[in-house]
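Please consult the sequence and coordinates displayed below while reading.

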Amino acid sequence: MTHITRIDSNERLSRVVIHGDTIYIAGITASVKGDIVAQTRDVLQKIDGYLATAGSDKRHLLSVQIWLKDITADFAGMNSVWAEWAPKDALPTRATGEVHLASPDLLVEIIVTAAKI
Amino acid sequence: MTHITRIDSNERLSRVVIHGDTIYIAGITASVKGDIVAQTRDVLQKIDGYLATAGSDKRHLLSVQIWLKDITADFAGMNSVWAEWAPKDALPTRATGEVHLASPDLLVEIIVTAAKI
Amino acid sequence: MTHITRIDSNERLSRVVIHGDTIYIAGITASVKGDIVAQTRDVLQKIDGYLATAGSDKRHLLSVQIWLKDITADFAGMNSVWAEWAPKDALPTRATGEVHLASPDLLVEIIVTAAKI
């Protein structure tokens, strides 16, 4: 029988879904208003938290999509925060594209797939 | 040996691919022309059908991406239909972004990953 | 214990991550500058190479996202190259949307999930 664990659900979505050895995390945006550095930091800190609730951590990322509102303006800033955060010897696959988000204040949204430890 | 089941293939893609306990569904768009409510209803009804052909249902969604042509205009309308359709106690992860689609009439495309029952 | 294999990592990402029976490939863009046909050919040739390093091939694709800088101009050109490349009897799910990429020269980025053989 398939076992699915759903964590931190609101009225639209679950923030974390665990299926077998795979952890899916919803597209995460910042709660802080601020520039790309502040928002990316907030998003990655939230992702650390969601990974922890799923019993995993950033050394077990599999695949990441990064959506930026303005890739020309914000690619470098996002990457600078990513470089501080992402473990150099355990990097996921990644794809980054320009995608407008649900609110005009939002500059970045990150979607993670990770592995259970 | 890896077993992959491919369902409802056309000349470019399969609508459903099953691998192990995971079901991948292609990006689904509406066949009806109409507003976001009509198109989202049509897309979700098609997804119900594809899940059924894979032996699953909407209570086993894992992760969803929703692409909207105009997120400012259509986020609320899509969400109203989503709220009617998605099971409150079995919600997937979700990410919604503004992405223009292959035809200018298309307002929404939904990409689903689900679990076998 | 979860086993994750990471292949061809640079300072930001791994080109290939293998977890269980699933292979994730990073969003791949062209190294050649050129039109959509030239860029799509280059991307798919690179993907053939990444699949080979993971011990798989294009007959084991599960799910693909295709991001085009200009879907109106380039959907047909991308599809013509895709049709030559993708095995008609083993097609993955696919979703194609308009997404601007990290450099203005880039016309297409393709993100693949595949299965181990």
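How many bridges join strand β2 of chain B to strand β3 of chain B, and do these strands run parallel or antiparallel? Strands β2 (residues 14-19) and β3 (residues 22-29) of chain B run antiparallel and are joined by 4 bridges. The model is predicted, and local features therefore need pLDDT of at least 70, side-chain atom pairs count only at pLDDT 80 or more, and totals for chains, interfaces and linings use all residues. Residues are numbered from 1 along each chain as its sequence is written, while chains are lettered from A and ligands numbered from 1 in the order in which they are written.

**Chain A: overall form**

- Chain A holds 2 helices and 6 strands, where helices (H or I, at least four residues) and strands (E, at least two) are DSSP runs numbered from the N terminus.
- Read from the N terminus, the order of elements in chain A is β-β-β-α-β-α-β-β.
- With a radius of gyration of 14 Å, close to the 13 Å of the globule rule for 117 residues, chain A is as compact as a globular protein of that length; the radius is taken over C-alpha atoms, and the rule is 2.2 Å times the number of residues to the power 0.38.
- The C-alpha trace of chain A spans about 45 × 35 × 20 Å along its principal axes.
- Of the 117 residues in chain A, 52% are buried, that is, 20 or more other C-beta atoms lie within 10 Å of their own, with C-beta atoms placed from the backbone.
- Contacts (C-beta atoms, placed from the backbone, within 7 Å) between residues of chain A at least 6 apart in sequence join residues at least 24 apart in 74% of cases.

**Chain B: sheet and helices**

- The 6 strands of chain B form an open sheet of mixed pairing, in the order β1-β2-β3-β6-β4-β5; two strands pair if DSSP finds at least two bridges between them.
- At the edges of this sheet lie β1 (4-9) and β5 of chain B, each of which pairs on one side only.
- Neighbouring strands are turned by 10 degrees against each other on average, direction ignored.
- B:Val17 has B:Tyr24 in β3(B) as its bridge partner.
- Helix α1 (residues 36-53) of chain B lies across β1, β2, β3 and β6 (108-115) of chain B, at about 25 degrees to β6(B); axes are lines fitted to C-alpha atoms, for helices over the stretch in contact, and angles run from 0 to 180 degrees between N-to-C directions.
- Helix α2(B) touches β4, β5 and β6 of chain B as it packs on the sheet, its direction making about 140 degrees with that of β4(B).

**Interface between chains A and B**

- The contact takes 24 residues from chain A and 22 residues from chain B.
- On the side of chain B that touches chain A, β4 (61-68), α2 (71-85) and β5 (93-98) of chain B each supply at least two residues, and the largest share, 6 residues, comes from β5(B).
- This side of chain B divides into 12 nonpolar, 6 polar and 4 charged residues; Ala, Val, Leu, Ile, Met, Phe, Trp, Tyr, Cys and Pro count as nonpolar, Asp, Glu, Lys and Arg as charged, and the others, Gly among them, as polar.
- Only 5% of the interface residues of chain B are also interface residues in chain A, so the copies meet through different surfaces.

Conventions: Two residues are in contact if their C-beta atoms, placed from the backbone, lie within 7 Å. A residue is buried if 20 or more other C-beta atoms lie within 10 Å of its own, exposed if 12 or fewer, and partly exposed in between; C-beta atoms are placed from the backbone.
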